[in-house]
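Thanks for making the time this morning.

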Amino acid sequence: MAELRALVAVKRVIDFAVKIRVKPDKSGVATDGVKHSMNPFCEIAVEEAVRLKEKKLVKEVIAVSCGPAQCQETIRTALAMGADRGIHVEVPAAQAESLGPLQVARVLAKLAEKEKVDLLFLGKQAIDDDCNQTGQMTAGLLDWPQGTFASQVTLEGDKIKVEREIDGGLETLRLKLPSVVTADLRLNEPRYATLPNIMKAKKKKIEVIKPGDLGVDLTSKVSVISVEEPPQRLAGVKVETTEDLVAKLKEVGRI
Amino acid sequence: MLVRLAKLSCPVYQCFHALKIKKKCLPLCATRWSSTSVVPQITTHYTVHPREKDKRWEGVNMERFAEEADVVIVGAGPAGLSAAIRLKQLAAEHGKDVRVCLVEKAAQIGAHTLSGACLDPVAFNELFPDWKEKGAPLNTPVTEDRFAILTEKHRIPVPILPGLPMNNHGNYIVRLGHLVSWMGEQAEALGVEVYPGYAAAEVLYHEDGSVKGIATNDVGIQKDGAPKLWIIDEKKWKPGRVDHTVGWPLDRHTYGGSFLYHLNEGEPLVALGLVVGLDYQNPYLSPFREFQRWKHHPSIRPTLEGGKRIAYGARALNEGGLQSIPKLTFPGGLLIGCSPGFMNVPKIKGTHTAMKSGSLAAESIFNQLNSENLQSKTAGLHVTEYEENLKKSWVWKELHAVRNIRPSCHGILGVYGGMIYTGIFYWILRGMEPWTLKHKGSDSDRLKPAKDCTPIEYPKPDGQISFDLLSSVALSGTNHEHDQPAHLTLKDDSIPVNRNLSIYDGPEQRFCPAGVYEFVPLEQGDGFRLQINAQNCVHCKTCDIKDPSQNINWVVPEGGGGPAYNGM
């Protein structure tokens, strides 16, 4: 019987299908009332952890999220997918806006130690900030080995084999547990949270704690100066012949 | 709404499909039938092609789970939420326990809500007398009310005398999506189980024929009023102003008009839209493009200049009034809100009556659930009191008073005849005339063949005030899981080209506000085929209503799909 325990970090982000709008004061993107959902890569991470549990290689899956009260919805989705219990690290809305990878990494590192988990799963990056840093920073803080951009994960006793998607192709690593794994797109296809599972998930426990309880300081050393929309894409210009094209390109100094 | 029998016998079941199908198990679907008819298969939905006959489903494990509740409500709009909230309020008052489950196809409450909207707070006040303390988003009381008739170049103001349906004194301009969202939070706080992202796809029956419950969508299968929100230049912003027009660009035989409401919620925001009666006759009419050209009218354009369009949506409104309300109760359930249709047509307000109908339903149901000697002939409860109570309420009185205004627009003078009728019979006589005018038949029968009508020349969008269809659809945030059968099903795949295109020049490519229907040339040979871009659908239901062949049947797609309106 496996005694391994897994912690999965999930992030609540603006849904990928929503057309976002920058706030008029340029301080950020408008989030009020906008549809949010679990970060797609986090879904893949949850799915992988739950599959390991179903294969009886992992005993317990804990889902954690840092942020304001609405994060509980995201944790509930993870519970509906099969996680056993949840932890909500409550951060007030105003402070949550300045929450970056380093602060979250500190929280996750403390939690991983406190819960004595063997595996920490995350999505490779969040679709709102595209940082791709939290998993790596957490591994660094914990001094644990990391397998990032995982497209296949196999448990082998007290080690884990991770196949990574890298620029040149695929790289396979064998890591000693405990370790950090971040999920890439091809790792798996996440299941739908069906309604009966959502109903069961309502009975599962979500523990609410404050970052102070973990002894983590969330002050950020990064401040956002402005957020702007990308420049409007100008209409193209049609030309008749190749000679015209070359002339136009020379005109704008491209060749 | 579906209701259970209080004592020992059959409770209501809410059955769920949980199909866990791996993509690898199903072979590629390429079921084209050939030989005589070369109609490519368009519809694959199981409501048209049942699974029992489809070889690909043999041996697939279809698990169904069941859950019971006391009351199941389909749709978390103003009516559904009012009913849920009222039930829980009554339960708390009487110290009883009533399990209320609410399913909603949108991914979050309010995401499929679209209105305008000008709210008469009468029903809302009854439900939440302390809404202000609770922070309900009614932030913009109406301060100014204007009505005008537009001609191509001019604007003729019409005075709004108190007592006319267009008078909005005491009302609020709200973003209905936000209000619905707030109501959803209240409902959850009261203990209603709210399940967004789940579409009710099927009704289930007891053996005695009464309604037993609903089944939600399968997951994991392998395939008229268009409003907009604009941020405008602050100098043009007049918070609290309500503007309505009739006339240009619609002719007098095409019922419809526009609204433009100035919201007061921090930013200079306006909600504007065009309503087009779907009993229009010209198949070349495109409600979307009428809306676009309306914005260019000299009296409208200045408000929008310098502004930015931030949201778009569309919805069909049920405006049949009293004459079109169906039977409201059946064993096992009842109908509330805009499904049966309680909109006060000349006021273009239906939210208050929807909420009231929900409240009344809750009260009638609670009385039955609570009554000591409960006997029912059927397993599903038949709450006939609901219809009786509704008919005794102010909803019915209000609808009765305005019942003849819409049908009066069918005469020779068209909409202007309707206005004259309103002036005499509504304003003076308050709808007391003894006759009830009838509607002229179904909307889908009203289209004239294309050869009898003139095509309408619409101006090209200028990208500043008017826009093209696809960029507007993108703003609605609509999205559907692409790997599902198209939810716009055709009873007969050959009719679109053989009938709709040949006789009516394919009106579906014009009345759909999301560009779902396209007639594309066949790859080989001459002729066209209908392409259904189901992913664009904004769930307005116009196609099901207006298709002259009544061949299109809109069924609900996988829950969670559809538009992502934010405070529309």
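Predicted model: local features only at pLDDT ≥ 70, side-chain atom pairs only at ≥ 80, totals over all residues.

On the side of chain A that touches chain B, the largest share, 4 residues, is supplied by helix α6, which covers residues 195–201 of chain A. Sorted by type, the residues on that side of chain A come to 11 nonpolar, 3 polar and 7 charged.

As for salt bridges, the rule finds 2 across the interface of chain A and chain B. The side chains of A:Glu229 and B:Lys308 are joined in a salt bridge, with 3.4 Å from N to O.

Taken as a whole, the contact draws 21 residues from chain A and 31 residues from chain B. About 2000 Å² is buried between the two chains, and 60% of that lies on carbon and sulfur atoms. Within chain A, the residues that lose the most area to chain B are A:Tyr192, A:Leu195 and A:Met199, which together make up 31% of what that side buries.

Let me move on to the backbone, where a few torsions deserve a careful look. In chain A, the peptide bond from A:Leu177 to A:Pro178 is cis, with omega near -5 degrees, and A:Pro178 sits in the loop between β9 (169–176) and β10 (179–183). In chain B, the bond from B:Trp248 to B:Pro249 is cis, with omega near 5 degrees, and B:Pro249 belongs to the loop between β15 (241–247) and β16 (256–265).

Positive phi values come next. A:Lys56, which is not a glycine, has a positive phi of about 65 degrees; it is placed in the loop between α1 (40–54) and β4 (58–67) of chain A, and it counts as exposed because its relative accessibility is 56%, where the cut-off is over 50%. B:Ile348 has a positive phi near 40 degrees and lies in the loop between β20 (333–334) and α7 (351–370) of chain B, while its relative accessible area of 29% makes it partly exposed.

Finally, is B:Leu102 buried or exposed? With a relative accessible area of 0%, B:Leu102 is buried, and its place is in strand β5, residues 100–104 of chain B. Setting aside neighbours within four places in sequence, its contacts include B:Ile73, B:Leu81, B:Ala84, B:Val192 and B:Tyr195.

Technical notes
Residues numbered from 1 in each chain as written. Chains lettered and ligands numbered in written order. Heavy atoms only, no water. Helix = DSSP H or I, 4+ residues; strand = E, 2+ residues; numbered from the N terminus. Buried < 20%, exposed > 50% of the residue type's maximum accessible area, 1.4 Å probe, protein only. Contact = heavy atoms within 4.5 Å. Buried area = accessible area lost by both parts, 1.4 Å probe. Salt bridge = Lys/Arg side-chain N within 4 Å of Asp/Glu carboxyl O. Nonpolar A, V, L, I, M, F, W, Y, C, P; charged D, E, K, R; others polar.
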